[in-house]
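Colleague: I would like a close look at one part of this model, a single residue and where it sits. Please then go on from there to the rest of the chain.

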Amino acid sequence: MGAHAQEHTSHTKLIWKVFIILSVITIVEVILGIIKPDSLHLTKILGTSPLNIIFLVLTVVKAYYITWFFMHMADEKKNLRRSVVWTAVFLIIYLATLLLIEGSYINDVLGPLTKWSY
């Protein structure tokens with residue numbers, strides 16, 4: 001019975017640790033979204049602003065932590081973990097990159113032709 005209580009305590013500590021990490025990442029995202037520093041918001045890298053890249057990276061990090069701990073990937077075999085986590089991470093990064101590059105291109109081409117005010 002003592003081992004069960006110790007296991008429960010360690011899981012509680014782990015959950016709090018992951019909660020704090022996810023909270024800090026979310027707080028950083030919210031602060032950056034409110035402040036929107038011009039140096040990060042108005043410059044372009046890879047077809048988007050560095051601020052968007054920071055948001056994407058932080059979101060992928062949060063998704064990784066959620067998958068790793070709350071979907072119990074840490075307890076699975078190494079090959080299963082790699083196949084699930086890394087595939088998802090690379091697909092998210094790939095799709096986000098495509099969307100940002102193509103969205104920026106469409107905005108550059110169609111933006112001047114679009115009347116936004118009524």
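What relative accessibility does Val84 have, and how does Val84 count on that basis: buried, partly exposed or exposed?

Modeller: Val84 has a relative accessibility of 31% and counts as partly exposed (buried is under 20% relative accessible area, exposed is over 50% and partly exposed is in between, with a 1.4 Å probe and protein chains only). Val84 is in helix H4, residues 78-110 (helices are DSSP runs of H or I with at least four residues, strands are runs of E with at least two, and numbering starts at the N terminus).

Some ground rules before the rest. The model is predicted, so local features need a pLDDT of at least 70 and side-chain atom pairs count only at pLDDT 80 or more, while totals for chains, interfaces and linings use all residues. Residues are numbered from 1 along each chain as its sequence is written, and side-chain values use heavy atoms, with hydrogens and water left out.

The mean pLDDT of the chain is 81, and 88% of the residues score at least 70 (pLDDT is the predictor's confidence in each residue, from 0 to 100). Confidence is lowest in helix H2, residues 38-41, with a mean of 80, and highest in helix H3, residues 50-70, at 85. There are four helices and zero strands in the chain, and the elements run α-α-α-α from the N terminus on. Of its 118 residues, 16% count as buried.

Trp16 counts as exposed at 52% relative accessibility, whereas Phe19, at 45%, counts as partly exposed. With Ile20, Val24 and Val28, Trp16 and Phe19 form a nonpolar surface patch of about 500 Å² of accessible area together. (Patch members have over 30% relative accessible area and no salt bridge; like charges are joined within 9 Å and nonpolar side chains, namely Val, Leu, Ile, Met, Phe, Trp and Tyr, within 5 Å. Areas come from the Shrake-Rupley method with a 1.4 Å probe, and for residues only the protein chains shown count as cover.) Val24 lies in helix H1, residues 2-35, and is partly exposed at 45% relative accessible area. The C-alpha atom of Phe19 is 9.6 Å from that of Ile66, a residue 47 positions away along the chain.

Next, the charged side chains. The structure holds one salt bridge, between Lys62 and Glu29, at 2.8 Å from N to O (a salt bridge is a side-chain nitrogen of Lys or Arg within 4 Å of a carboxyl oxygen of Asp or Glu). This pair links distant parts of the chain, as Lys62 is in helix H3 and Glu29 in helix H1, 33 residues apart. Lys62 is buried, at 19% relative accessible area, and Glu29 is buried at 13%. The two side chains are also joined by a polar contact of 2.8 Å (a pair of N or O atoms within 3.5 Å; within protein, one must be able to donate a hydrogen and the other to accept it, and residues adjacent in sequence count only if both atoms are side-chain atoms). The Glu29 side chain makes a polar contact of 3.3 Å with the side chain of Thr59 as well.

One backbone detail remains. Lys36 is in the loop between H1 and H2 and is partly exposed, with a relative accessible area of 40%. Its phi is positive, about 45°, although Lys36 is not a glycine. Most residues other than glycine have a negative phi.
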